[in-house]
Amino acid sequence: MAEKLERARYGAAAFAGMEGTLPSPYPRTMGPNCLKYLQEVVESGLTCNMLGRFEEAFAREMGVKHCIGTPGCTPALAILAAAFAFEPGDEIIVSPITDYGTVQGLIRENYIPVFADTEPGTINLSAATIERCLSDRTRAILCVHKTGLLCDMDPINALAEKHGLIVYEDVCQAVFGEYKGRLAGTLGKAAGFSFDSEKTMGSDVGGCVVTNDDELAERIRFIGQSRGAVAVPGFGRKHTVAGYAYRMTQSTAAICLGQLEIIRDQVAHRDRMARLLTKLIAEIPGVTPLPIPDYVNVYSCWMFGLSIDPAQFRCTPAEFAQQLADGGIPGAGMGEYYLIPAACTFLEENARKKVYPYSLPPASREYRYGADTCPTARDFLKTFIRWATFCEKYQPEHCEQAAAIVRAVADRNRR
Ligand SMILES: Cc1ncc(COP(=O)(O)O)c(C=O)c1O
């Protein structure tokens with residue numbers, strides 16, 4: 001009989017029972033005005049335009065023309081995928097180490113996700129790994145800035161320009177991170193953000209799309225929020241496209257507006273703490289923290305991660321991670337499930353069975369998924385340990401304490 005598996009948990013529920021001596025993200029730090037804005041929503045009898053206020057404030061802070069509030073990044077990227085209106089069977093090149101939310105919209109639009117491998121030694125794809133995946137069906141590149149470390153966007157944009165491709169970003173883990181002085185989310189045609197309670201700007205289940213493209217913004221609002229409906233005088237609504245009703249709620253907008261007021265200071269603090277922790281961890285033989293490239297001038301670190309050299313230790317990476325958790329680092333564990341071409345088991349099955357859009361046509365060739373299609377990412381994740389609970393509450397003494405726990409585990413297991 002098939003093993004009975006539990007449903008995955010999200011938000012605060014996913015962190016229940018993760019205990020340790022280091023800070024945990026929950027309960028979240030809330031901006032001082034969150035309650036005031038929530039009260040305005042309620043007292044206005046839901047007539048105030050809190051969503052518009054948040055969208056305007058976020059767009060201003062990002063320095064972009066448009067922000068469109070959504071109920072999360074998964075819906076944000078889904079409506080972007082719909083708004084791009086590519087053909088079924090068209091290919092979108094995407095990061096292999098990410099969350100399901102990155103690819104959900106691509107799959108629903110019957111596009112084909114093509115996972116570029118990671119650049120050796122990093123957790124992100126690169127222009128070189130993308131180039132190997134280009135085909136005459138490639139239409140766009142979706143870059144994920146994993147853990148808050150930014151992809152090297154200039155070479156990616158140059159490659160895309162050469163081939164006439166759209167570049168867009170999944171900024172879920174890198175809010176207000178900076179690449180060569182430019183904010184993540186402004187480095188392509190558009191970007192999706194998450195303000196989920198567990199994310200850096202933890203608000204509630206929420207997110208947004210940002211873009212400077214007027215036409216795309218209008219299309220996103222039409223397809224993504226107006227359910228693809230036009231108002232016809234004397235008739236009512238006519239749905240000219242199969243649209244979505246992905247609007248951010250007024251109450252989430254109120255919390256987001258309050259959180260926006262404190263986020264820049266929090267991100268600057270996260271950057272300092274992540275750099276300190278990186279320096280301390282780098283001093284431990286056999287342990288390598290995720291490298292922070294020079295072009296990342298603000299590391300909006302959502303999740304801290306390190307790799308271990310298995311040759312130097314008597315325990316497996318999973319045992320090492322468990323000992324970190326037992327030693328007081330809440331949420332320390334392996335991140336192998338982030339390998340989406342392997343974790344989305346239905347992709348391999350659909351491609352093998354040639355289920356639409358893998359049928360020929362609209363697909364132009366055969367596809368394969370699974371861990372072996374991105375061997376660098378696969379091998380990287382075999383020795384990669386992350387702690388899900390790095391947060392704005394870290395102070396220098398917590399970084400010292402975390403590094404001491406890692407050092408103790410390393411020394412205890414050293415060959
Ligand atoms: C990289 C990335 N993309 C997309 C998502 C989905 O975001 P949301 O939960 O807001 O839909 C997540 C959430 O974990 C993520 O980390």
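This is a predicted model: local features need pLDDT of at least 70, side-chain atom pairs count only at pLDDT 80 or more; totals for chains, interfaces and linings use all residues.
**Entry 1**

I began with Glu 178, whose bridge partner in strand E7 is Leu 183. Strand E6 (residues 178-179) and E7 pair in the antiparallel sense over 2 bridges. I noted the rule that two strands pair if DSSP finds at least two bridges between them. Helices (H or I, at least four residues) and strands (E, at least two) are DSSP runs, numbered from the N terminus.

Residues are numbered from 1 along each chain as its sequence is written.

**Entry 1: the whole protein**

I counted 14 helices and 16 strands in the protein. The C-alpha atoms fill a box of roughly 80 × 55 × 50 Å, taken along the principal axes. Next I looked up the radius of gyration, which is taken over C-alpha atoms; the globule rule is 2.2 Å times the number of residues to the power 0.38. For 415 residues, a compact globule would have a value near 22 Å, and the protein agrees with 22 Å.

Of the 415 residues, 49% count as buried. A residue is buried if 20 or more other C-beta atoms lie within 10 Å of its own, exposed if 12 or fewer, and partly exposed in between; C-beta atoms are placed from the backbone.

I also checked contacts, where two residues count if their C-beta atoms, placed from the backbone, lie within 7 Å. Among contacts with a separation of 6 or more, 70% come from residues 24 or more positions apart.

**Entry 2: the core**

The largest nonpolar core has 124 residues, and Ile 79 and Leu 80 have the most contacts inside it. Helix H9 (residues 250-282) gives the largest share of this core, 12 residues. Such a core is a set of buried Ala, Val, Leu, Ile, Met, Phe, Trp, Tyr and Cys residues joined through C-beta atoms within 7 Å. I listed the contacts of Leu 80, not counting residues up to four places away in sequence: Gly 105, Tyr 168, Ala 190, Gly 192, Val 209 and Ile 220.

**Entry 3: around the ligand**

Which residues come nearest to the ligand? Of the 14 around it, they are Gly 72, Cys 73, Thr 74, Gly 101 and Ser 194. A residue is near a molecule if its C-beta atom, placed from the backbone, lies within 6 Å of it. Helix H4 (73-84) and helix H5 (100-108) each supply at least two residues of this shell. By class, the shell has 3 nonpolar, 8 polar and 3 charged residues. Here Ala, Val, Leu, Ile, Met, Phe, Trp, Tyr, Cys and Pro count as nonpolar, Asp, Glu, Lys and Arg as charged, and the others, Gly among them, as polar.

**Entry 4: a covered strand**

Strand E14 (residues 304-308) is mostly covered, with 5 of its 5 residues buried. Phe 304, Leu 306 and Ile 308 point one way, and Gly 305 and Ser 307 the other way. I found that 3 bridges join E14 to strand E12 (residues 287-289), and the two run antiparallel. There, Leu 306 is the bridge partner of Pro 289. E14 also pairs with strand E16 (residues 384-387), antiparallel over 4 bridges. Phe 304 has Trp 387 as its bridge partner in E16.

Most residues other than glycine have a negative phi, and most peptide bonds are trans. I looked for exceptions. The bond from Tyr 26 to Pro 27 is cis, with omega near -5 degrees. Pro 27 lies in the loop between helix H1 (12-15) and helix H2 (34-43). Another cis bond joins Pro 361 and Pro 362, with omega about 15 degrees.

Asn 110 is not a glycine, yet has a positive phi of about 65 degrees. Is Asn 110 buried or partly exposed? Asn 110 is partly exposed, because 17 other C-beta atoms lie within 10 Å. Lys 354 also has a positive phi, about 55 degrees. Lys 354 counts as partly exposed because it has 13 C-beta neighbours inside 10 Å.
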